[in-house]
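Visitor: Could we go through this model together? I would like to ask about a few local features.
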Amino acid sequence: MSKQEHGSSTHYAVHWQEEQYYYPGPEFIGQANCTDPEIYQRFSLDKFPECYKEFAELLHWDRYWHTTLDTSDAPFWKWFAGGRLNASYNCVDRHLQKHKNKTAIHFVPELEDEPIEHMTYQELYRRVNETAAVLQEFCGLKAGDRVTLYLPMTPELPVTMLACARLGIIHCQVFAGFSGKACGDRMWDSESDILITMDAYYRGGRLLNHKANADQAVQAAESAGQKVSRVLVWRRFPGRYSSAEPMVENRDYFLDELVKQNKNATIQPVSMPAEDILFLMYTSGSTGRPKGCQHSIGGYLSYVTWMSKYVQDIHPEDVYWCMADIGWITGHSFIVYGPLSLGASTVIYEGVPTYPDAGRCWRIAQELDVNIFHTSPTAVRALRKVGGDEPARYNYHFKHMTSVGEPIEPDVWRWYYEVVGKGRAVIVDTWWQTETGGFLCSTMPAIDPMKPGSAGPGLPGIHPVVYDDEGNELKPGEGKAGNLCIRNPWPGAFQSIWKDRERYIKSYYGKYNRDPQSKDWRDWPYMAGDAAVLESDGYVRILGRIDDVINVSGHRLGTKEIESAALSAEGVAEAAVVAMPDEIKGMVPDLYVSLKPGIDPSHELEKKLISTVADVLGKIARPAHVYIVPDMPKTRSGKIMRRVLASISNRRDIGDVSTLANPEIVEEIRQQVQG
Ligand code: WTA
């Protein structure tokens, strides 16, 4: 598969090939939850799907399932069908008997003079129950209803998620860094008429006015046709409102006050069918419209619990810190559901990793005695840049570290290993997606050697395969890149795209399905949308997305979403977004626009375009560069050739453009961009 074949939509970032192995040390192996290399045999394809019972057995079930995998509505897989359970019970109540005084959540506020909160499981139980009481009694919510959460990184977020889960309410958390408009669009899509938010939170030393964003979300939802009946506002400092926005009468309520009125309320966890929906998580795809990935209660929770135990190697005495945002799948799976289901102590940090200085993360690790650390290559690159020597100044000891969300360059990997991990911690480079619920490819930390730049083999039970565009299997070691697929379904996989079964089938199974009528899972390999090389040792080297998705700092953004945001600015006729590698963020978007007749290019207009994209989508989507060009390079049929623009941004060979409708424009744009 060459770049040409995939045209404009290829954003390969990775060109390295690495064959150096690093081995887990005896100290780690001696204590690890899984050291048995036979585990891969226990999860071989001939044991499928019954092998996954082992995952579900980590949970408390109210009623056991009768069918491990129901394929009758393929490819809409139903795991543990017939079973009943409650996710909130599994993450909270079941730990009370033995661990009620154990810390469930360490909350680290961004400002260092605000004390760290250590919330016990008993305290978490109380807060989840009181919040559930408000949802049930004050809001009248019940199982199956959707509620949108637009919350920052404070304990109120997991408390609210677990309160929803207790009642079987489907939570749809939108990343707090997204714009109000993006949140409103998701409220409309998920048909939520209640928004739960917070007045303010700290980021980079400033108390941000988040209620203003929430008000915009309501406006956007309502102008799209979704009525919003209530906005529940947690206050960052209970009892003190930290926003300048007025509270709207009969719509806005302080949630901390309502909770107080329900002091010590207890709400029975609702026994839910395993296959009901736990939450929706929106992610970007090839079109402008985000996809609401639907995750199940039983399959998802089993999967993330197993992964937390055996891939994250969480033991009861560990202090585990995942620095992702709970607003993304990593935070859902590996800050909240996985660790809490295991009864672990999980850290939530409110702010920026480098605030107020480059030593902040390592001070937190030292103070809380964190021994498992989980973050993204973007954060590792930023931490290295601002304070390459800082970790050595602090007295913390990690046994285990995770890299997630983007490919990690071998050089960055080595700094992570040697300096952050002090040469002692194992690293798992976990490849997965919003859709997959939990990890798919990674080394098993005490069994497999690590190889910088490669995610590792398929985890036990996950059977990766790489196909070329014709559906031929590319063998390990062949050195060819193709489409990364998984041969079999797994319990953590999303069930569907909310209200869009067609798009689910088409996006993930359309290309390689062998028979649309088939009820046999073997006919439905899952296509991830990433290009990869399967190496001779069976490790998977991820090259990047093959669709119109850019991974900016580990945040997934659709180029089409950015383009349509740019098109909403006055005077813009056409917009095209391409990906550019960035030293810290991995990838960043470059925006090309052409203007309507009579509109002149100006620096002001460029600035306006950047702020429009930030307003529509959020700051993370801001283009790195804006180029106002006289015309777009186009095919004879009028299609914008994004591939040509990508080559110009990336200073690559542009190739043959003689077949374009307007080949002369290419050189003009090249000069404008490259000088
Ligand atoms: C990319 C984040 C290389 C990949 C959990 C995938 C990775 C997309 C890795 C999903 C990794 C994730 N190495 N690339 N270890 N992990 N990706 O849905 O392109 O936000 O398809 O889920 O991130 O991003 P998402």
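This is a predicted model: local features need pLDDT of at least 70, side-chain atom pairs count only at pLDDT 80 or more; totals for chains, interfaces and linings use all residues.

Visitor: Which residues of helix α14 are buried?

Guide: Helix α14 spans residues 360-368, and its buried residues are Arg-360, Cys-361, Trp-362, Ile-364, Ala-365 and Leu-368. As background, an α-helix has 3.6 residues a turn, so residues three or four places apart point the same way.

Visitor: Turning to aromatics, how many aromatic pairs are found in the whole structure?

Guide: The search of the whole structure gives 50 aromatic pairs. One of them joins Trp-321 and Tyr-349 in an edge-to-face arrangement, with 6.2 Å centre to centre and 85° between the planes.

Visitor: Where do Trp-321 and Tyr-349 lie, and what does the pair tie together?

Guide: Trp-321 belongs to strand β16 (residues 319-322) and Tyr-349 to strand β17 (residues 345-349), so the pair links parts that are 28 residues apart in sequence.

Visitor: Are Trp-321 and Tyr-349 buried or exposed?

Guide: Trp-321 is buried, and Tyr-349 is buried as well.

Visitor: Which ring does the charged end of Arg-240 sit over?

Guide: The charged end of Arg-240 is placed over the ring of Phe-237, at 4.5 Å from the ring's centre. A lysine provides another case: Lys-422 lies over the face of Tyr-396, 3.8 Å from the ring centre.

Visitor: Next, helix packing. At what angle do α12 and α13 pack?

Guide: Helix α12 (residues 298-310) packs against helix α13 (residues 329-341) at about 85°, and their axes are 8 Å apart. Thus α12 is roughly perpendicular to α13.

Visitor: Which residues make that contact?

Guide: From α12, the contributors are Tyr-300, Leu-301, Val-304, Thr-305, Met-307 and Ser-308. From α13, they are His-332, Ser-333, Phe-334, Tyr-337, Gly-338, Pro-339 and Ser-341.

Visitor: On the backbone, what kind of peptide bond joins Phe-48 and Pro-49, and where is Pro-49 found?

Guide: The bond between Phe-48 and Pro-49 is cis, with omega about -5°. Pro-49 is in the loop between α3 (39-42) and α4 (53-56). The bond from Ala-74 to Pro-75 is also cis, and its omega is near 0°. Pro-75 occupies the loop between β1 (67-70) and β2 (78-81).

Visitor: Staying with β2, what is the phi of Phe-80?

Guide: Phe-80, which lies in strand β2, has a positive phi of about 55° although it is not a glycine.

Visitor: Why does Phe-80 count as buried?

Guide: Phe-80 counts as buried because its relative accessibility is 0%, and the cut-off for buried is under 20%.

Visitor: And Ser-553: what is its phi, and where is its place?

Guide: Ser-553 is a residue other than glycine with a positive phi, near 50°. Its place is in the loop between β27 (549-552) and β28 (555-558). With 18% relative accessibility, Ser-553 also counts as buried.

Visitor: Lastly, what does UniProt list for residues 42-91?

Guide: An unreviewed UniProt entry lists residues 42-91 as "domain: Acetyl-coenzyme A synthetase N-terminal". Over residues 42-91 the chain is 20% helix and 20% strand, with the end C-alpha atoms 27 Å apart.

Visitor: Which residues does the annotation "domain: AMP-dependent synthetase/ligase" cover?

Guide: According to UniProt (unreviewed entry), that annotation covers residues 93-490. Over residues 93-490 the chain is 31% helix and 23% strand, and the end C-alpha atoms are 27 Å apart.

Technical notes. Residues are numbered from 1 along each chain as its sequence is written. Side-chain values use heavy atoms; hydrogens and water are left out. Rings of Phe, Tyr and Trp (its six-membered ring) pair if their centres lie within 6.5 Å; planes under 30 degrees apart count as stacked, over 60 as edge-to-face and the rest as tilted. Helices (H or I, at least four residues) and strands (E, at least two) are DSSP runs, numbered from the N terminus. Buried means under 20% relative accessible area, exposed over 50%, partly exposed in between (1.4 Å probe, protein chains only). A charge sits over a ring if NZ of Lys or CZ of Arg is within 6 Å of the ring centre and within 35 degrees of the ring normal. UniProt positions are given in the numbering used here, feature names are shortened, and annotations may be inferred rather than shown by experiment. Axes are lines fitted to C-alpha atoms, for helices over the stretch in contact, and angles run from 0 to 180 degrees between N-to-C directions. Angles under 35 degrees count as roughly parallel, over 145 as roughly antiparallel, 65 to 115 as roughly perpendicular and the rest as oblique. Contact means heavy atoms within 4.5 Å.
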